[in-house]
Amino acid sequence: MNQIEKIQQELSKRFLDVTITLDPPAKETGSWFLDVPRQGRSPVVLEWRPDRGFGVSTPGDDDYGEGADEIYPNAKAATARTIELVETGVSAVSPKRWAWPSCAQRQGLSQVELAERMGVKQSNLSLIESRGDVLVSTLDKMASAMGGHLQSS
Amino acid sequence: MADRTATKAERLAEFFSRLTTAPACSTFDEAYALICRTMVAVEDEMTTLPNNPPTWMTDGRMYPPQMDNVRPVPGRPDVQRFRSRGHNTLIASNGAIKIESTTGKVFFSKPGADDHAV
């Protein structure tokens, strides 16, 4: 049993009243998708790429062609987040909807100051900003550094 | 590249519009190539977001379905299905295309050159 099959088993035991389906790829290099329905809401979709980790999304009709909302390096973190999204009913946090550089600017915080508050090097923060590929835990750290907290809806 | 970013809804509508007006395809390969080049062209023309295919997390830009995400369709050996986070893109050997949500809502359908849909 691979990692995502184990996740399916774990989630199926936790959420007994839903049918959690696994969509395996035809090719070894392809993505596995795990679809977790939510009553009256968009499903939670867990995508697994064996060489890259896990993507978690709450897809909508208009996000055709887009990648995952959140990325997690391991099964434990991805599973925990999936459970949270199912139990709370909130949407995954898409980085394109979170303009953290302008938030920092409005507070008069330079990138150096924000990095200091987060306890990271300014060069690392610059790299994250340019890549746009941000872990949810990093977003949470940024929000805290600006005196706020991360909240999804 | 564009000097502004149109909304996702605008870009998706333009993508479907261009697919609709393009000549019907005769083979899977033609249809797949049409989807890929049309999507890249629309995004290049209508968004400032750079084309960065290795990106896995969403950056707001649309990326074409990838061949390593293809799956067979039970009972339909003439159709291949590309899975993405919330959608399936189906392409038939006659060049027909259908794009639908994973819950079955159809967003786009284009018959092949033989006038048969997926």
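**Figure 1. Contact between chain A and chain B.** In this predicted model, the contact draws on 39 residues of chain A and 30 residues of chain B, where contact means heavy atoms within 4.5 Å. About 3000 Å² is buried between chain A and chain B, 53% of it on carbon and sulfur atoms; buried area is the accessible area (1.4 Å probe) that two parts lose on being put together, summed over both. Asp61(A), Tyr64(A) and Glu66(A) provide 28% of the area that chain A buries against chain B, more than any other three residues.

**Figure 2. Polar pairs and the chain A side of the interface.** Across the interface of chain A and chain B, 22 residue pairs are in polar contact, both residues at pLDDT 80 or more. A polar contact is a pair of N or O atoms within 3.5 Å; within protein, one must be able to donate a hydrogen and the other to accept it, and residues adjacent in sequence count only if both atoms are side-chain atoms. Strand 2 (32-38), strand 3 (41-49), strand 4 (53-57) and strand 5 (70-72) of chain A each give two or more residues to the side of chain A that touches chain B; strands (E, at least two residues) and helices (H or I, at least four) are DSSP runs, numbered from the N terminus. The largest share of that side, four residues, comes from strand 4 of chain A.

Figure 3. Asp23(A) pairs with Arg81(B) at 2.8 Å, N to O. Asp23(A) also forms a salt bridge with Arg71(B), their closest N and O atoms being 2.9 Å apart. Arg71(B) lies in strand 1 (residues 70-73) of chain B and Asp23(A) in strand 1 (residues 21-23) of chain A, so this pair joins two chains.

**Figure 4. Packing of helix 4 and helix 6 of chain A.** Leu114(A), Arg117(A) and Met118(A) in helix 4 of chain A meet Thr138(A), Lys141(A), Met142(A) and Ala145(A) in helix 6 of chain A.

**Notes.** Residues are numbered from 1 along each chain as its sequence is written, and chains are lettered from A and ligands numbered from 1 in the order in which they are written. In this predicted model, local features need pLDDT of at least 70, side-chain atom pairs count only at pLDDT 80 or more, and totals for chains, interfaces and linings use all residues, while side-chain values use heavy atoms, with hydrogens and water left out.

How values were computed. Salt bridge = Lys/Arg side-chain N within 4 Å of Asp/Glu carboxyl O.
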